[in-house]
Amino acid sequence: MPIETEIKMDGDSMGDFMIYHIYTSGSGIVILVLGILNISFGIAFLMKGKWGMAVIFLVLAALVFGIFPWLIRRKVKKQMERAKHLTEPIRYIFQEDGIETITAADQGKASWKKFRRVVWRGRVLILYDDKRQAILLPVEQVKEQLPAVIELLRRKLPASEIKIPASKLAALNKQG
């Protein structure tokens with residue numbers, strides 16, 4: 001039985017996707033390592049009583065872990081407000097043979113063979129295809145269909161490629 005859902009992309013979900021995408025890339029991992037080093041240096045300088053240096057390194061860590069993600073989210077929200085076509089409704093139909101996507105301007109279907117990975121990040125479920133393009137499903141908008149969608153994904157994709165936290169799965173199992 002097909003599972004149908006219609007979403008309207010929002011800035012928060014797109015922000016979660018962009019932060020995940022940026023911070024899991026090669027350069028994003030380097031930035032995270034630098035943030036961890038800044039925290040380590042900050043703590044080391046605190047332990048030595050060098051308050052000025054500790055503050056500098058802890059401020060740099062705050063930039064990496066707090067300010068940069070905030071700036072990314074803010075920029076994404078502004079872009080979403082300007083690009084109205086990004087917020088137009090998208091209808092997804094999850095079927096045994098693939099996912100059909102329907103927009104006002106286009107329609108297409110992708111078989112399950114094309115999908116490689118599923119990740120739950122913040123407020124969005126991300127389905128990556130073999131070209132590293134993604135289908136974004138804002139969790140709040142697909143709440144009713146989410147357990148059925150995840151069950152279908154678990155049947156159609158390798159378990160090693162489904163990255164959904166156990167806590168999220170447990171919460172879904174309690175709902176459904």
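Helix 2 (residues 26-47) packs against helix 3 (residues 51-82) at an angle of about 155°, and their axes are 8 Å apart. Helix 2 is therefore roughly antiparallel to helix 3, a label for angles over 145 degrees, while 65 to 115 counts as roughly perpendicular, under 35 as roughly parallel and the rest as oblique. Axes are lines fitted to C-alpha atoms, over the stretch in contact for helices, and angles run from 0 to 180 degrees between N-to-C directions. Helices (H or I, at least four residues) and strands (E, at least two) are DSSP runs numbered from the N terminus.

This is a predicted model, in which local features need pLDDT of at least 70 and side-chain atom pairs count only at pLDDT 80 or more, whereas totals for chains, interfaces and linings use all residues. Residues are numbered from 1 along each chain as its sequence is written, and side-chain values use heavy atoms, with hydrogens and water left out.

The crossing of helix 2 and helix 3 is left-handed, meaning that the near helix is turned anticlockwise from the far one by less than a right angle; clockwise is right-handed. Residues in contact (heavy atoms within 4.5 Å) include Ile31, Leu32 and Gly35 in helix 2, and Trp51, Met53 and Ala54 in helix 3. This contact has 16 nonpolar, 3 polar and no charged residues. Ala, Val, Leu, Ile, Met, Phe, Trp, Tyr, Cys and Pro count as nonpolar, Asp, Glu, Lys and Arg as charged, and the others, Gly among them, as polar.

Helix 1 also meets helix 3: their axes come within 9 Å and cross at roughly 130°. That angle makes helix 1 oblique to helix 3, and the crossing is right-handed. Among the residues that meet are Asp12 and Asp16 in helix 1, and Arg73 and Lys77 in helix 3. The contact of helix 1 with helix 3 holds 11 nonpolar, 2 polar and 4 charged residues.

| Pocket | Volume | Largest share of lining |
|---|---|---|
| Largest | about 690 Å³ | strand 4, 4 residues |

A pocket is an open set of points on a 1 Å grid over the protein atoms alone, where a 1.4 Å probe fits, with protein on both sides within 12 Å along at least five of seven lines; lining residues have an atom within 4 Å of a point. Grid points are joined across faces, edges and corners, and a volume is the space filled by probe spheres set on the points.

Of the 28 residues lining the largest pocket, Tyr92, Thr101, Gln133, Ala134 and Ile135 lie nearest its centre. The lining of the largest pocket has 14 nonpolar, 7 polar and 7 charged residues.
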